[in-house]
Amino acid sequence: MTPLNLYVNSWLNAPAHTAWRLAEAQRLLAFAKAAKLPDGFGNLDANGQLAPGARAETINTARMTHCFALAHLQGIPGSLAYAEHGVAALRGAMQDATHGGWFAHPGGHDDSGKAAYLHAFVALAASSAVVAGAVDANTLLADAIQVIEAHFWSEDEGALRETFSRAWQLPEQYRGANSNMHATEAFLALADVTGNGLWLQRALRIAERIIHTHATANGYRVIEHFDVHWQPLPDYNLEHPADPFRPYGTTPGHALEWARLLLHLEASLERAGLYAPQWLPDSARALFDTACQQAWNVDGEPGFVYTLDWADRPVVHARLHWVHAEACAAAAALLQRTGEAHYEQWYRCCWGFIANHFIDPIGGSWHHELDAHNQPAGSLWPGKPDLYHAYQALLLPGLSLAPSLASNLAGNVTKR
């Protein structure tokens, strides 16, 4: 791996920028604490309030547990209690005591099924909670690993199956890049927590299928939707293009997210003494550069649009906060990996856009969605429920590319 060789004026070396990042991260944490409910964490509205009758959600609880575990590892007092609240919730009514796995909501016996996307976040939360020393986190981690290996991981496919009914019947005849992308992130963390390099090999197999095989052949546009045989479904959700998890077309934000994950995977493989193929950094560059070229300012306004069609025309013009958070994190990773000014420029540009448009200094946290004219909106993602994307983007630029976030913070590993 090319050693870090940033030029002297990089923001990654600037004390003022580091102080700004960490202060903004603590501001987000303080806002997110209001999401706590007796049985987990719920969704906050634009004013940072829980709606009357708000209920906990497993995906939000897993993400909050992960983030508060990271905060504890940073040394933010009081954070461990929130992480342990999340662990207790994930081991409580959110967990299916009869069939195993997790419901989407506490006691959700009528939920539609068990989703790979959700279980990847439970595994990530458990791994971070273990590193933070949260009570019962080891049991949660063991349960999450057992479910992934028993039901979701397909050795033949080298990827996750998507969704099952509650009793692990009726597998969905669909394969998704989004759930497998977050499994890649979770598997990097599992490798660090368990010391088992098998998780790195599994992460590499996922990346080989989705990026090295499909995205590379598609001009580094990430194909999101596949049938059970991993044949692309280019018209999937054509009639529902703004779906928040399975939108039609390409999602440039996922290309940015994949670019970062490929560099984490490369660094993790090398750290473990395993072979890291050259296509990992090559693809990271190509994914990032292609997404920036195709999706930034493509409709005449600054910012990344949510989705594009297969001719690279905007479909959903909204700007989502998580896309821009991932752009900052990916630019920082590429800057660390290459030291090139090109990525420094994008890093500064994306943080500038976030500061000017997404950060809400009055209401708190970040606006989660902007319209095509960069005004706050909420048609796709109402309220301010998410801490995970923005918080990670604020932490990652100060850390090395490996190990994964929680283990990195615990070891106080620096990027120099």
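Guide: An axis here is a line fitted to C-alpha atoms, for helices over the stretch in contact, and the angle between two axes runs from 0 to 180 degrees between N-to-C directions. Keep that in mind as we look at this predicted model, where local features need pLDDT of at least 70, side-chain atom pairs count only at 80 or more, and totals for chains, interfaces and linings use all residues. Residues are numbered from 1 along each chain as its sequence is written, and side-chain values use heavy atoms, with hydrogens and water left out.

Visitor: What makes α9 oblique to α10?

Guide: The axes of α9 and helix α10 (residues 321-338) cross at roughly 135° and come within 11 Å. Under 35 degrees counts as roughly parallel, over 145 as roughly antiparallel, 65 to 115 as roughly perpendicular, and the rest as oblique. The value of roughly 135° falls in the rest, so α9 is oblique to α10.

Visitor: In which hand does α9 pass α10?

Guide: The crossing of α9 with α10 is left-handed. That word applies if the near helix is turned anticlockwise from the far one by less than a right angle; clockwise would be right-handed.

Visitor: Which residues of α9 and α10 make the contact?

Guide: Contact means heavy atoms within 4.5 Å. On the α9 side are P281, A284, R285 and F288, and on the α10 side A327, A330, A331, L334, R337 and T338. By class, this contact has seven nonpolar, one polar and two charged residues. Ala, Val, Leu, Ile, Met, Phe, Trp, Tyr, Cys and Pro count as nonpolar, Asp, Glu, Lys and Arg as charged, and the others, Gly among them, as polar. R285 and R337 therefore count as charged, and T338 as polar.

Visitor: How many cavities does a search of the whole structure find?

Guide: Four cavities of 30 Å³ or more turn up. A cavity is a set of points, on a 1 Å grid over the protein atoms alone, where a 1.4 Å probe fits but cannot get out; lining residues have an atom within 4 Å of a point. Points are joined across faces, edges and corners, and a volume is the space filled by probe spheres set on them.

Visitor: What lines the largest cavity?

Guide: This cavity holds about 180 Å³. Of its 20 lining residues, E185, R260, H264, S404 and L405 are closest to the centre. Helix α8 gives the most, with four residues. By class, the lining has 10 nonpolar, eight polar and two charged residues.

Visitor: And which helix has the largest share in the lining of the second largest cavity?

Guide: That is α9, with four residues. The second largest cavity has a volume of about 80 Å³, and its lining includes L287, T290, A291 and Q294.

Visitor: Where is the cis peptide bond?

Guide: It joins A402 and P403, with omega about 5°. P403 is in the loop between α12 (388-395) and α13.

Methods
On a 1 Å grid over the protein atoms alone, a cavity is a set of points where a 1.4 Å probe fits but cannot get out, and a pocket is an open set with protein on both sides within 12 Å along at least five of seven lines; lining residues have an atom within 4 Å of a point. Helices (H or I, at least four residues) and strands (E, at least two) are DSSP runs, numbered from the N terminus.
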